[in-house]
There are 2 protein chains.
Amino acid sequence: MTKIWIIEDNIAYSHIIRTIINQSDCCTCEYEFTNVVDVLKQLSKGNTPDIILTDINLPGMNGIEGIKAIKAINKEVEIIVLTVFDDNEKIFDAICNGANGYLLKNSSAEEILEAIQIVVDGGSSINAGLARKVFSMFTAMKKTEKSYGITKRESEILNYLVDGKTVNEIAKITFTSPQTVQTHVKNIYYKIHVNTRSGLVSKAIREGLVTKGGFTMN
Amino acid sequence: MTKIWIIEDNIAYSHIIRTIINQSDCCTCEYEFTNVVDVLKQLSKGNTPDIILTDINLPGMNGIEGIKAIKAINKEVEIIVLTVFDDNEKIFDAICNGANGYLLKNSSAEEILEAIQIVVDGGSSINAGLARKVFSMFTAMKKTEKSYGITKRESEILNYLVDGKTVNEIAKITFTSPQTVQTHVKNIYYKIHVNTRSGLVSKAIREGLVTKGGFTMN
DNA sequence: TTGGGAATACCAAGTTCTGGGTATATTTGA
DNA sequence: TCAAATATACCCAGAACTTGGTATTCCCAA
């Protein structure tokens, strides 16, 4: 039997969910909480469920912060968010902090139980509409692919600059003279339209001009 | 009727998918392609489907590049990837380039038709296992949350520095003296362990020390 | 084969940064 | 309330950056 806890300050709704869970033949809900702090206390005592269903809008610590706090105590606990919010910000934050499911409160009993089953089976649960939003977040963060006509050598030097290296250091690394590096730097500035080192680094990282940019998938 | 095109260099598999689609009562598949270039030609002629099912490993231009090229011609076309690859890199690239569904080749006929229906209904299709991977990408890119004990004022100045502004410019903006800004900069350098402006900017952006970091959700 | 892009190298002046200080108000938390 | 943290401000010397030049060599594509 999958042990489930609920964090939900609307007692009536909380009871409904509990009933749905307890009427299923695979899950049990032993505890209902109205705030995150009480959950943290229980977890600290070593008491632990398999899955926590949590609201986001909660008195005191909100659900997003709650995910972080809960995972800090026990990162094995799977968390499914159950909320009315469907904005990108909330979805993004919940997933970033380690949620493994995101349900809207208009979900049916079947959908809720299905989401639980998915998470038990090692998957992540999100409906097609919310998935569309998640997908669009990825497209939004896509690199702009501007190249500004940076040459190979310039690109090499750009990478060193972004690392915080000085012109003299780069000259030593590339076995050329500081003047040469300086000329390349000058040309890079002209090409990407900046006139400070910091502006260069900022633009290079944000526009993905450097190989080791923002984040990488490994 | 939803018009579907298939891009798949394995003719036998392509035919199977076509049969599945044509046996359904909502979709038709009129064209099968074995490479992306032929698809681009058709699109350029103004001929257009509702959804394209595409493989990733294709002769010539691969499926990921294909998504980009297709969207460049007609961004209304929905694209579902149908592949054997389930690595983060491929999934990430496909979604970033605008795919609205990601199916593995071991999917059943029902799963394929369901994915198509989801996309037609304006959602995005991904199974629970792959969703888990997508979710983990978000957690992976999570900001490290190191603060280095940066104060409010320092943080404000840090933001200007990352914008490429000079000490003098910042002094004017914040209505303080350049010396004061310089002192703050000095303290920031000490706190986050850097000794060049570029190193500062690089670290600040990559570790999410600035508000407008990497990417934002709007 | 030849013109142009790319990489190399140097000069110089003015600006900005870096790191070493010192010092005083103001705010804030214990 | 009182010490600590924060924000303010200044000095200075050496290093690094920025911007304006000029010039040669190398390689590649037309």
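Reader: How many residues of the surface near DNA strand D are nonpolar, how many polar and how many charged?

Author: The surface near DNA strand D holds two nonpolar, 13 polar and five charged residues, where Ala, Val, Leu, Ile, Met, Phe, Trp, Tyr, Cys and Pro count as nonpolar, Asp, Glu, Lys and Arg as charged, and the others, Gly among them, as polar. This is a predicted model, in which local features need pLDDT of at least 70 and side-chain atom pairs count only at pLDDT 80 or more, whereas totals for chains, interfaces and linings use all residues. Residues are numbered from 1 along each chain as its sequence is written, while chains are lettered from A and ligands numbered from 1 in the order in which they are written.

Reader: What makes a residue count as near a strand, and which residues come nearest to DNA strand D?

Author: A residue is near a molecule or strand if its C-beta atom, placed from the backbone, lies within 6 Å of it. Around DNA strand D there are 20 residues, of which N195(A), T151(B), R153(B), T176(B) and Q179(B) come nearest. Two or more residues of this surface come from each of helix 8 (167–174) and helix 9 (178–192) of chain A, and from each of helix 7 (152–162) and helix 9 (178–192) of chain B; helices here are DSSP runs of H or I with at least four residues, strands are E runs of at least two, and both are numbered from the N terminus.

Reader: Which residues come nearest to DNA strand C?

Author: Of the 20 residues around DNA strand C, the nearest are T151(A), R153(A), T176(A), Q179(A) and N195(B). At least two residues of that surface are supplied by each of helix 7 and helix 9 of chain A and helix 8 (167–174) and helix 9 of chain B, and its classes are two nonpolar, 13 polar and five charged residues.

Reader: What makes strand 2 and strand 6 of chain A edge strands?

Author: The six strands of chain A form an open, parallel sheet in the order 2-1-3-4-5-6. Strand 2 and strand 6 (125–126) each have a single partner strand, so one side of each is left without a neighbour in the sheet. Strand 6 pairs with strand 5 (residues 101–104) in the parallel sense over two bridges, with G101(A) opposite S125(A). Helix 1 of chain A packs on this sheet, touching strand 1, strand 2 and strand 3 (51–54), and its direction makes about 160 degrees with that of strand 2; axes are lines fitted to C-alpha atoms, for helices over the stretch in contact, and angles run from 0 to 180 degrees between N-to-C directions.

Reader: How many residues of chain A are in contact with chain B?

Author: Contact requires C-beta atoms, placed from the backbone, within 7 Å of each other, and on this basis 43 residues of chain A touch 42 residues of chain B. The largest share of the chain A side, ten residues, comes from helix 6 of chain A, and by class that side has 20 nonpolar, 16 polar and seven charged residues.

Reader: Why is the relation between chain A and chain B called that of a two-fold axis?

Author: When the copies are superposed by least squares on the C-alpha atoms of residues with pLDDT of at least 70 in both, a rotation of 180 degrees with 0.2 Å of shift along its axis places chain A on chain B with an RMSD of 0.4 Å. That is the relation of a two-fold axis, and in chain A the C-alpha nearest the axis belongs to S198(A), 2.6 Å from it. Of the interface residues of chain A, 98% are also interface residues in chain B, so the copies meet through the same surface.

Notes. Pairing = 2+ DSSP bridges. Contact = placed C-beta atoms within 7 Å.
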